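Hi there,

Have a look at the model first, then read on.

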Amino acid sequence: HLSIRRQRQMCIRDRYEECNTVYRAAHTIKGGAAMLGFEGIRRLSLLLENCFKYLREHPVVIDSAGHATFTRGIAALDELVKTLEAGTYDDGPANQRVDREEAGLVALYEQIKKLGESSTKALPADFAPQAMNILKHMVVLFKQPVTPQSRVQLAGLCQKLSQLTEGHDLWQKLILAVRGAVSHPQVPFGAVAPAIIRDLKAGIELLVAGKACLLYTSDAADE
């Protein structure tokens with residue numbers, strides 16, 4: 001149950017099995033700790049269990065700070081269990097160790113829930129056709145020579161995409177990244193256009209499927 005590896009923290013897309021494995025491990029450790037009276041281990045296992053229980057049903061994109069929080073939490077749990085195996089476990093220091101991780105894991109849990117809930121908000125009935133029509137206009141502009149005017153037009157189309165639906169934070173972040181890329185005077189369209197169109201099309205499909213929590217931006221758009 002302690003083979004909770006770093007890669008299993010990366011529940012970024014639909015890695016249900018990995019999240020479920022960590023959830024079950026944390027759940028088992030929590031149960032054993034509660035039965036034996038190891039309060040520090042029980043508390044930390046519960047914090048991790050809550051996060052991964054939600055993640056296995058609502059896979060969301062977690063930022064680097066979130067991954068760092070998981071890394072610290074899992075490392076802390078490994079440390080506590082190792083002291084238990086070595087016969088040196090003490091609930092006093094253990095609870096102090098958990099105190100240092102608790103606020104971060106609680107905040108991360110709330111962040112995960114917020115991201116998951118934002119993905120289920122209703123879309124306008126005509127969202128998909130309107131969004132795809134805007135995307136077609138963007139493709140046309142990308143095929144034309146790059147001019148200041150074409151950058152302004154593309155930024156305007158990004159604004160229209162943003163206004164089609166509000167309340168989906170990751171969609172808005174995606175649009176913001178795209179708008180920044182097309183507006184930058186030194187970014188050639190040829191370098192970013194394929195990734196932008198791919199990301200936007202995938203984003204539209206995910207929104208329509210009720211999976212906005214899986215939205216992400218490619219490196220090209222982010223840069």
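From the N terminus on, the elements run α-α-α-α-α-α-α-α-α. In total the protein has nine helices and zero strands, where helices (H or I, at least four residues) and strands (E, at least two) are DSSP runs, numbered from the N terminus. Please keep in mind that this is a predicted model, in which local features need pLDDT of at least 70 and side-chain atom pairs count only at pLDDT 80 or more, while totals for chains, interfaces and linings use all residues. Residues are numbered from 1 along each chain as its sequence is written, and side-chain values use heavy atoms, with hydrogens and water left out.

Some overall figures to begin with. Of the 223 residues of the protein, 44% count as buried; buried means under 20% relative accessible area, exposed over 50%, and partly exposed in between, with a 1.4 Å probe and protein chains only. Among contacts with a separation of 6 or more, 74% are between residues 24 or more positions apart, a contact being heavy atoms within 4.5 Å.

Now to the cores. A nonpolar core here is a set of buried Ala, Val, Leu, Ile, Met, Phe, Trp, Tyr and Cys residues joined through side-chain atoms within 4.5 Å. The largest one has 31 residues, and the members that touch the most others are Ile41, Leu44, Leu48, Phe52, Leu55, Phe70 and Ile112. Two or more residues each come from helix H1 (16-36), helix H2 (39-57), helix H3 (64-86) and helix H4 (91-118). H2 gives the largest share of this core, eight residues. There is also a second, separate core of 27 residues, which includes Leu164, Ala181, Ala193 and Ile196. As background, nonpolar side chains tend to be buried together in soluble globular proteins.

How do H2 and H3 cross, left-handed or right-handed? The crossing of H2 and H3 is left-handed, meaning that the near helix is turned anticlockwise from the far one by less than a right angle (clockwise would be right-handed). Their axes come within 10 Å and cross at roughly 140°; axes are lines fitted to C-alpha atoms, for helices over the stretch in contact, and angles run from 0 to 180 degrees between N-to-C directions. On the H2 side the contact is made by Gly40, Ile41, Leu44, Ser45, Leu48, Cys51, Phe52 and Leu55, and on the H3 side by Phe70, Gly73, Ile74, Ala76, Leu77, Leu80, Val81 and Leu84. These divide into 13 nonpolar, three polar and no charged residues, with Ala, Val, Leu, Ile, Met, Phe, Trp, Tyr, Cys and Pro counted as nonpolar, Asp, Glu, Lys and Arg as charged, and the others, Gly among them, as polar.

- Isoleucine 41 counts as buried at 2% relative accessibility. Leaving aside neighbours within four places in sequence, isoleucine 41 is in contact with Ile29, Ala33, Leu77, Leu80, Val81, Leu84 and Tyr89. Isoleucine 41 and leucine 84 are 43 residues apart in sequence and 9.4 Å apart in space, C-alpha to C-alpha.
- Serine 45, also in helix H2, is buried with a relative accessible area of 0%. Not counting residues up to four places away in sequence, serine 45 touches Ala26, Ile29, Lys30 and Leu77.
- Leucine 48, with the same exclusion of residues up to four places away, touches Ala26, Phe70, Gly73, Ile74, Leu77 and Leu105.

Histidine 168, in the loop between H6 and H7, is buried, with a relative accessible area of 1%. Leucine 174, found in helix H7, counts as buried at 0% relative accessibility.

Happy browsing!
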